[in-house]
Amino acid sequence: GKRSVKCPASYGPIESETDRVAARYSAGHIFDVVCARERESERQMREVAGVLKPMMVSPDMANLMPYRPAGEGRDGLVVGISVSHQILRQWQSGEGYIDCLAHLIRHIRERHGCRVQLSPNEIHPHCSYQDGHVARDLLGAVAGVPGVGVLDVAELNSTQVKAEIGRCEVMVASRYHSCVAALSAGVPTLVVGWHNKYEELMQLYGQGEWILSSENCTTGKLIERFDALWANRGRERAVIRERYGAVREQVLAAGRRMFPG
């Protein structure tokens with residue numbers, strides 16, 4: 001008998017009948033209010049799954065997550081790389097995901113001299129292959145390259161992880177909430193992604209040009225885009241910070257509708 005709210009989430013691609021039935025049942029019988037993170041997610045629920053209930057659209061609530069900036073690194077500038085085990089299942093490019101990132105890391109170290117911090121997003125102790133394993137494999141692929149480490153996220157809480165992301169000069173991200181953490185902390189971000197949720201998030205912050213798809217990402221494209229973002233990071237940081245107020249207000253406005261009174 002209590003009011004239930006499905007907070008902002010991504011939906012789709014909805015392809016199977018099981019997904020369509022689950023979407024209709026959840027929207028019709030479990031949640032009084034359903035909120036999508038993207039217009040495309042709302043369209044998937046409405047047009048593909050056949051959900052009749054009106055849905056709200058709002059940026060992810062994690063955009064509001066507070067954090068205490070970690071300050072400048074003692075060892076100079078840091079480039080963060082958020083690795084993903086999920087993207088490996090979606091990867092369609094002729095060059096492997098780990099290979100592309102390994103070449104990028106070598107390029108960053110040789111050309112820009114920054115330290116590189118690998119950031120796993122999901123750590124499941126009993127999972128056979130998760131983000132921590134991707135970080136391990138990537139670290140092995142650049143064995144012998146100095147200045148590359150892995151953030152020990154298992155020993156940090158979420159605000160501490162965001163603080164570490166927030167100190168990065170640039171973030172290269174393949175996990176959604178790492179993108180949210182970086183952008184909401186004002187960090188210029190290059191996305192290597194596989195889902196429409198990245199596109200709409202980046203558009204919110206005026207960063208639509210800094211996306212590479214898992215369908216056609218190559219070492220050459222990744223390095224070219226990284227160098228372009230690096231050269232323009234000051235400008236993009238200013239745009240991100242200017243846009244943050246509007247993103248924050250969208251989330252708060254949705255919250256007032258989801259939780260009235």
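I take buried to mean under 20% relative accessible area, and I keep in mind throughout that this is a predicted model.

**Entry 1: strand β7**

I began with strand β7, residues 170-173, and asked which of its residues are buried. Val170 and Val172 are buried on one side and Met171 and Ala173 on the other, so that both faces of the strand are covered. In a regular strand the side chains alternate between the two faces of the sheet.

I then looked up the partners of β7. Strand β4, residues 78-83, runs parallel to β7 and is joined to it by 4 bridges, and in that pairing Gly80 has Met171 as its bridge partner. Strand β8, residues 189-193, also runs parallel to β7, with 3 bridges between them, and here the bridge partner of Met171 is Thr189.

At the β9 end, β8 and β9 pair in the parallel sense over 3 bridges, with Val192 standing opposite Leu212 of β9.

**Entry 2: Leu212**

Leaving aside residues up to four places away in sequence, Leu212 touches Val191, Val192, Gly193, Cys217, Lys221, Leu222 and Arg225. For Leu222, which is 10 residues away along the chain, I noted a C-alpha separation of 7.5 Å from Leu212.

**Entry 3: helix α4 and its two partners**

Two packed helices are described by the angle between their axes and the distance between the axes. For helix α4 (residues 97-112) and helix α9 (residues 219-231), the axes come within 9 Å and cross at roughly 40°, and the two helices are therefore oblique to each other. The crossing of α4 with α9 is right-handed. Among the residues that meet are Leu101, Leu104 and Ile108 from α4, and Leu222, Phe226 and Trp230 from α9. By class, this contact has 8 nonpolar, 4 polar and 3 charged residues.

I then turned to helix α5 (residues 131-141), which packs with α4 at an angle of about 55°, the axes being 9 Å apart; that makes α4 oblique to α5. The crossing of α4 with α5 is right-handed. Tyr97, Ile98, Leu101, Ala102, Ile105 and Arg106 of α4 make the contact with Val134, Asp137, Leu138 and Ala141 of α5. The residues of this contact divide into 8 nonpolar, no polar and 2 charged.

**Entry 4: another sheet**

Last, I looked up an open sheet of 3 strands in the order β1-β2-β3, with parallel pairing. β1 (5-9) and β3 (56-57) stand at its edges, each with a single partner strand, so one side of each lacks a neighbour in the sheet. Strand β2, residues 33-36, runs parallel to β3 and is joined to it by 2 bridges, with Val57 in β3 as the bridge partner of Ala36.

Note on methods
Residues numbered from 1 in each chain as written. Predicted model: local features only at pLDDT ≥ 70, side-chain atom pairs only at ≥ 80, totals over all residues. Heavy atoms only, no water. Axes fitted to C-alpha atoms, helices over the stretch in contact; angles between N-to-C directions. Parallel < 35°, antiparallel > 145°, perpendicular 65-115°, else oblique. Left-handed = near helix turned anticlockwise from the far one by under 90°. Contact = heavy atoms within 4.5 Å. Nonpolar A, V, L, I, M, F, W, Y, C, P; charged D, E, K, R; others polar. Pairing = 2+ DSSP bridges. Buried < 20%, exposed > 50% of the residue type's maximum accessible area, 1.4 Å probe, protein only.
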